[in-house]
Amino acid sequence: MSQQLVQTITDLLRGKIGNEIICFLISMLPILELRGGLLAASPAFLNVPLAKALFWCIFGNLLPIPFVLLLIEKILVLMEKWKLTRGFAKWLREKADKHKAQIERYGFWGLVLFVGIPLPGTGAWTGSLVAALLHMKFKKSFLACIIGVLMAAVIMTIISYGIIGTIFG
């Protein structure tokens with residue numbers, strides 16, 4: 001599914017804005033995040049040089065995280081007041097609750113691994129959502145997200161530029 005989404009976004013934006021900016025924007029999106037950005041940057045899609053791809057994807061994935069950590073609780077409280085957004089707020093809380101135990105159990109390193117291992121439903125957005133709802137300290141949570149994003153960047157570089165790059169390169 002994420003590969004289809006990356007394909008759709010790259011097809012829509014290719015030629016309208018720079019390839020690096022496409023990777024940056026995809027990396028900012030929940031669900032796709034750095035995984036999608038590096039996939040878009042890979043030889044299979046936009047063929048962005050690795051150093052540029054890493055910079056823009058890491059930057060794009062980290063940019064929203066301080067805002068999520070600082071504001072999500074207030075935003076969810078507001079969303080729960082309106083009938084139109086109440087269901088989405090409830091879904092977000094349930095998504096966070098689903099991952100709460102594993103992050104609570106291992107604390108800082110649990111958050112690092114949750115953000116860093118690129119599996120469906122994990123990543124900096126969900127990790128920072130859970131950290132904020134667990135009331136983890138901002139500096140500790142943000143540092144864990146940075147380390148996790150760097151870890152995910154290494155893993156996804158091997159997949160996107162190594163494995164996929166070999167197939168399409």
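User: What does the face of α1 turned away from its buried side carry?

Analyst: That face of α1 has the exposed residues Gln4 and Leu12; exposed means over 50% relative accessible area and buried under 20%, with a 1.4 Å probe and protein chains only. This is a predicted model, where local features need pLDDT of at least 70, side-chain atom pairs count only at pLDDT 80 or more, and totals for chains, interfaces and linings use all residues. Residues are numbered from 1 along each chain as its sequence is written, and side-chain values use heavy atoms, leaving out hydrogens and water.

User: Which residues of α1 are buried, and what puts them on the same side?

Analyst: The buried ones are Val6, Ile9 and Thr10. They cover an arc of only 95 degrees around the axis, so they sit on the same side of α1; the arc is taken from the directions from the helix axis to the C-beta atoms.

User: How do you know that the span of α1 agrees with its twelve residues?

Analyst: The expected span is 1.5 Å times one less than the number of residues. For α1 that gives 16 Å, and the end C-alpha atoms are 16 Å apart, so the two agree.

User: What makes 18 residues of the largest pocket's lining nonpolar?

Analyst: Ala, Val, Leu, Ile, Met, Phe, Trp, Tyr, Cys and Pro count as nonpolar, Asp, Glu, Lys and Arg as charged, and the others, Gly among them, as polar. By that rule the lining divides into 18 nonpolar, six polar and three charged residues.

Methods
Helices (H or I, at least four residues) and strands (E, at least two) are DSSP runs, numbered from the N terminus.
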